Number of protein chains: 2
Amino acid sequence: MNIISSSQNDKIKYLNKLYRSRNRRKEGVFILEGKRLIEAALAGGADFKQVFLTPAFFKSAANEKLLAALKLEADLIYLEEKLLKETASTVNPQGILAVVEESVFKGQDFYNKADKILLLDRIQDPGNMGTIIRTAVAAGFDGIIALKGSVDIYNQKVIRSTMGGIFSIAIRQKLSQQEFLVELKEKALDHELLAADIEAEEYHFEHQYQSKLILMIGNEANGLDPQLLTKAKTKIKIPLAGEIESLNAAVAASVIAFEILAQALKKSN
Amino acid sequence: MNIISSSQNDKIKYLNKLYRSRNRRKEGVFILEGKRLIEAALAGGADFKQVFLTPAFFKSAANEKLLAALKLEADLIYLEEKLLKETASTVNPQGILAVVEESVFKGQDFYNKADKILLLDRIQDPGNMGTIIRTAVAAGFDGIIALKGSVDIYNQKVIRSTMGGIFSIAIRQKLSQQEFLVELKEKALDHELLAADIEAEEYHFEHQYQSKLILMIGNEANGLDPQLLTKAKTKIKIPLAGEIESLNAAVAASVIAFEILAQALKKSN
């Protein structure tokens, strides 16, 4: 067993580079830290490129099954505990991290695959972004579009906050508003475009949702970009009963997404 | 104008003590930092005990109205900018902070005043707690019970995350489960006790909610305490359509709270 101990090792240098968002995007990969996330990625069918682990992780009987599965997927690279901790962004990476391929759904493929899409316009808080993705998966959404100006979805804090949800939904990010609007006209012809808008006339529970849709949620401080708002076929608002001016973006997305799911379940009964 | 510059000044020493949760509770007060929160507290009818501000804040024409209102409420105490920054917990306290009385609703008063109560069992993340309170207010809830083991609601991060909502809802905290169960039997006779429970038979949108209710939301990792669960007259669950085991506690609370509001609005139409 060859155990890397130096940060000057080429594999470690490469891994370190991937901790910068720009380099991850160039390589089309992201990083998973810790056993739970890696198990979730395996279950979700992610493509593993490299797995970095400590000798102690390798030796633990509790990890035997996971490692047998990972061996079929990627090279196992051993490194010293100290080096892993230096490299990882979580305080306790639990002895293992992996480099995984970004799943890429381009253009028509994405809109064919994803019936219920959540579009996020400049959502900046990583915890919020992660919670939104987790909730979207839970509510049966199958696509996420994060427009330029949103936090990188493959940021460690976002990934952790999705609680494994990131492996169960098609993701597109760094799309400009213009690129999205072109796609909308050319490729998303069957999707109803919905905007959550505090000025809307219709409450979110009054609208009858179509089975294919794109729900747009805006930046918390500024709401949706006006240009996106004008394109929306349907605008809906969540009633505010108390002395509060707005909802957290993750809360707004959740309330509407689960209303859509509730309507579908009521219909199917 | 007497401007305090020393942290050894008695008023500053007292203020510093209040940054510890235990001391705040003993005095029955909490601290607000920054202009926006203080304006929200004024609008919400909070009782001010002291206001600490910098000479620059006093001199700014933009603050004239606020200061005229505050003068009627409490002593204005001037301190140097440097001292304010040392004392406050936010990086930029914007020249002003205030000590405000905790609103106390005890026993029967609380249950008379609050028709729709959200009970939080060991919610620990301050951001989550703040978002839950903000959402509860938005959905028309009028009472919060945070059981022992939950984060202190008068923690600065919680207060800020409520976005002013904290002044529009009756709050009880640090109640033990036993104390709550006694009150429930003796004082909350008209309230329907509801539990969000992943094992429930009934979906949250199938249940017909009563106008007086207590909705119990559990700790994210462990859910509701089993003893609370057995007391619930009604158990409801949010459907999970995707490969996700649970929802964020703030999301779960939001989805149910807005379903309750939606039902009420549909009935009143």
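This passage describes two helices of chain A, α8 and α12, together with one residue of chain B, in a predicted model.

Helix α8 of chain A, which covers residues 126-138 and so numbers 13 residues, spans 18 Å from its first C-alpha to its last, close to the 18 Å expected at 1.5 Å a residue. At the start of this helix, a side-chain oxygen of Asp125(A) lies within 3.2 Å of the backbone nitrogen of Gly127(A), while beyond the helix follows Gly140(A), which has a positive phi near 85°. Because twelve of the 13 residues of α8(A) are buried, the helix is largely enclosed by the rest of the structure; among these buried residues are Met129(A), Ile132(A), Ile133(A) and Val137(A), as well as Asn128(A) and Arg134(A). The partners against which the buried residues of α8(A) pack are β6 (116-121), β7 (143-147), α9 (156-161) and α12 (249-268) of chain A, and also α12 (249-268) of chain B.

The two α12 helices also meet one another, since the axes of α12(A) and α12(B) come within 9 Å and cross at roughly 60°, which makes α12(A) oblique to α12(B). This crossing of α12(A) and α12(B) is right-handed, and the residues that meet there are Val251, Ser254, Val255, Phe258 and Glu259 of chain A and Val251, Ser254, Val255, Phe258 and Glu259 of chain B.

In chain B, Thr87(B) belongs to helix α6, residues 81-87. With a relative accessible area of 7%, which is under the 20% limit, Thr87(B) counts as buried, and, when residues up to four places away in sequence are left out, Thr87(B) touches Ile12(B), Leu15(B), Asn16(B) and Tyr19(B).

How values were computed
Residues numbered from 1 in each chain as written. Chains lettered and ligands numbered in written order. Predicted model: local features only at pLDDT ≥ 70, side-chain atom pairs only at ≥ 80, totals over all residues. Heavy atoms only, no water. Helix = DSSP H or I, 4+ residues; strand = E, 2+ residues; numbered from the N terminus. Expected span 1.5 Å × (residues − 1). Buried < 20%, exposed > 50% of the residue type's maximum accessible area, 1.4 Å probe, protein only. Contact = heavy atoms within 4.5 Å. Polar contact = N/O pair within 3.5 Å; in protein donor to acceptor, adjacent residues only side chain to side chain. Axes fitted to C-alpha atoms, helices over the stretch in contact; angles between N-to-C directions. Parallel < 35°, antiparallel > 145°, perpendicular 65-115°, else oblique. Left-handed = near helix turned anticlockwise from the far one by under 90°.
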